[in-house]
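Thanks, everyone, for making the time; I would like to walk through a handful of local features in one model, with the criteria stated as we go.

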Amino acid sequence: MNVARLAADIGYGRLEPEEAAPAALDALLAQADAWTWADPDDRLRVRPTLFGPWFLVCRSLERLGRFAPPHDDDYVLALVSLGGWSVKDSVRQAWIEALLRQDADLREGVFWRIFEVEGGGEMSLTIAEVTWTQALLALAADGTLPRGRVMRSCLEALGRDFSSYRAGAFRRIYDALGPSAGELARDQDLVLPLLASPISQTASWAVKAAAALDKAHALDDAVFARLAPACVSGGKAAALKTLGILARVRVRDPQLADAVASAAADALGHGDVAVQERAATALVSWGRLDLVAERADWLAPSVRAALPLDEPAGADAPAATEPPARPAREGAPAKAGPAGSPAPAEADAAGAPRFPCRQLGPADDAEVARLLPQMLEGEADPLDAERVLARVALAGLDQALANSLAKRARAVPGLLRGMPEDPVRAVAAALVAAWLDGAKGWLDRDPPAPPLAAHQREALGWELHARLMEGEHWADYRRGRGLAELPWPLGAVVSQVLGGAAAQEEGLVLWCTASDSRGGIDPAVLVDRAQRNPEPTGADLAAALLRLNPGGREAALERAAGVPGLAGAALRYALGGGGVELAEHLAGAEISKAAAAALHALTGADLGRARRALAQADGHTGRAAAILLPDPGPDRAPANPIEGFASPTGKTLVSWVWAAAARARDPFGDDQAMIAAGLDGPGLGRVQRVGLNLYRQTWEVEGRVYHWTYYEIAAENAADAFPALAVEPLAHGGPIRRSRQLTCPAWTALVWPHNPEPFAALVLESVNFDLDVGEVDHNMLPGLRGLRRAPGRLGQIGALCLLAGLAVSTAAVRQEAIEWFAEAVPERVSMELLAEQFAFAAPGVHLHRWAASLADAASISPATAAQTRELLTKALPGVARTQRRLADLLRLLLEESIRAAVPVADQTLREWLSAFAGSGGAAKAARQLLELRP
């Protein structure tokens, strides 16, 4: 007999337990492993599942006396998820109805606990809401379940601390039962307390229920007046409805006049002007102008200007008193304080930025002993991790320290077992393991992995890719996202240091270690390093040049005269030297032949020849070549680490170093010397140009309109893809797609601190995720912090990220963007560019979030208020007049203009405002703006 059919027959009562065949019962018991597990007391527990009729099975066995599980939360959720996704809704509904009709013990006991157990993930009443709603309606209609008890159970569930998502099911089930006015009045002891619910949807629903009670003359006025203050700071519709009910309560029961007036006064602190106007008008009509005057500072300037408030002025004016604290709903995001409020806790008294620039000296042994354990715990700043790497490369790792950290390092999922999400932890774990175990200990010698796709090689950097593909198993590589996702070229430098640690080599002076907390390198410091190590690897040299600070270059150039080879020539060119050395190096026959031989060997997968050729090339020592292209051994298949990147000319291996030097000279301008030398291409002699496209799609499903918006970056394709990638990660052979480099945003942002646009291109993918999915990507906040920390000038992509941060759904991200907006204009981004990107981004964002964020920014100081007015003045004419919630931005401009007593003088904006017609909120605000006078 079919097990599920037998279980269903027993559960429905169509088959009595004693009629079940023993063989069929044995078949049921044989299925136990699929739906139960053993607890410490060896009792079998029921496990909720999304698949199969296992609750029917276990309930049948329970009725037969063969199974006695505890009726715990899992048991209840197993009932709730009855059948799961494996059966149709109609079948599951039939099962529910049959079970509850035939099984009295289940109906009287366990069933009522479905209103008490919240569940989680994919196990909750919300997941099976449609099925359960229809079943409960049918069971309540035929009297199987008492209708009144079901309704009160739904209300009791709404009063519990369930999440908004799961509480909504009980609210909708209650509404589906269609309570009458009498039933609602009977249950208002449970309904009215929901006015103070921390879940906004539940509180709004309670206001609607109170309005129905008010209409039926059944509302408990005293209870409502006491709880109303919790509603007037909620949503606009709920607040307006609450004020209307309060006005009628005051008429019905004059003894509640004071309580009603106090609740209405709390509505003066609402963020919406319409609510403020309704509350102020009501209080004035009730003769309670005193309450309005006490809270005048809460009001929007347009509301305050329309009220008969006598504002004393001059020397005889009484001292201002502190207004009552503005009410706020529990869980509402904190807003910036008013003008004159204290600076944020992370800023100093003078309003210094959160990320001040401080000098970073070289680490010593004591600092390594302090910082390396922090790295293993994921608590160290990436720049401190760089200092540890530089110290280990120079002086090695203390053996006693390495031994003391060995157990902790191997406890971290390391290089052999799948690296952690945090690359700083991966670096620390691999560093300790490499120093203790040598190269064979930290490189897994399993068979070679499949070759990476092009975009994966781009994220790795070809040097690190070569090392990982020579020694790491593919499955471990896929699990481990740590070292492999370090931003290029820093990842290649880390790989170089790890190779030296594995061989326990010392005396290496790294060029690219940051000398300040913004990721920059002082020119004098870099020259000192160059004099101590005149032959850095290409990645170390390129990373250092990209970080070169602009100040003090002239004096450093004089001191760099004696640095030999390619590194010295590139350093002098980056410091402002002439282009003679550049032309000489690029035209040098010896370099070109060696590089060409290496490229030819790589193309033919002859790594031995490639290593020998690279050892001959200027700027690449034999030791560096061994790290770049390790010997795979006689039984290993060779890999081609730069396949697809190498050009047939010998200039490729050195061109990206000169590209880094050119970007150090001018991050945003073309380099004529490189163009004259033949390196004419985006990302080489010429700066790579990018464009932004906005894709927006609209469709309708069952009467509901959906929108999909995507900001796409179109980058120029570089003539030589690899050199462009080495300097500007924008050249991905087409539009930017999601990159794995944001595994460590704090470090990636500092690869090229003086031009944050390549990093902003990666952050923009998090913006698209928010707009498309409606959830903030976990990279969004650290990405914005990285952009804010980097000192470089923002371009159109960075400006778009800043504006998008003001419009996302998470309050913490918006607050970061608000503080960044206050300090970025005009030092890091011009108002003209910001206004241009504002108009470009507008179709893809929620304008009411922009309005709320900009209002908070305007409250920081008079300077940011003026900054907000200027942005809106310049940007609004580029926004479509038909866009939803545009009225919120117009009202913000109106309030700020009235507060500053500044009329709209911009002719372009006045013409745009004059085109509004009708009686909507946007048209009304536009007319008020045009009527402003100084």
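Predicted model: local features only at pLDDT ≥ 70, side-chain atom pairs only at ≥ 80, totals over all residues.

Residues are numbered from 1 along each chain as its sequence is written, and side-chain values use heavy atoms, with hydrogens and water left out.

Let me begin with the backbone. A cis peptide bond, with omega of about -5°, joins V825 and P826, and P826 sits in the loop between α43 (811-824) and α44 (831-841); helices here are DSSP runs of H or I with at least four residues, numbered from the N terminus.

H217, with phi of about 55°, is in the loop between α12 (200-215) and α13 (221-227), and with a relative accessible area of 70% H217 is exposed. In this scheme buried means under 20% relative accessible area, exposed means over 50%, and partly exposed is in between, using a 1.4 Å probe and protein chains only. A901 also has a positive phi, of about 55°; A901 is found in the loop between α47 (886-900) and α48 (907-914), and counts as exposed at 55% relative accessibility.

Turning to a covered element, helix α41 (residues 780-789) has eight of its ten residues buried, and among them are M780, L781, L784 and L787, together with R788 and R789.

Now to the threonine: where does T864 lie? T864 belongs to helix α46 (residues 862-875), and T864 is buried, with a relative accessible area of 4%. A polar atom of the T864 side chain lies 2.9 Å from the backbone oxygen of S861, to be read against the polar contact criterion, namely a pair of N or O atoms within 3.5 Å, where within protein one must be able to donate a hydrogen and the other to accept it, and residues adjacent in sequence count only if both atoms are side-chain atoms. Leaving aside residues up to four places away in sequence, T864 touches A822, A857 and A858, where contact means heavy atoms within 4.5 Å.

Finally, the cysteines. Taking a disulfide as a pair of cysteine sulfur atoms within 2.5 Å, the count comes to zero disulfides. C357 is partly exposed at 45% relative accessibility, whereas C512 is buried at 4%.

Note on methods:
Helix = DSSP H or I, 4+ residues; strand = E, 2+ residues; numbered from the N terminus.
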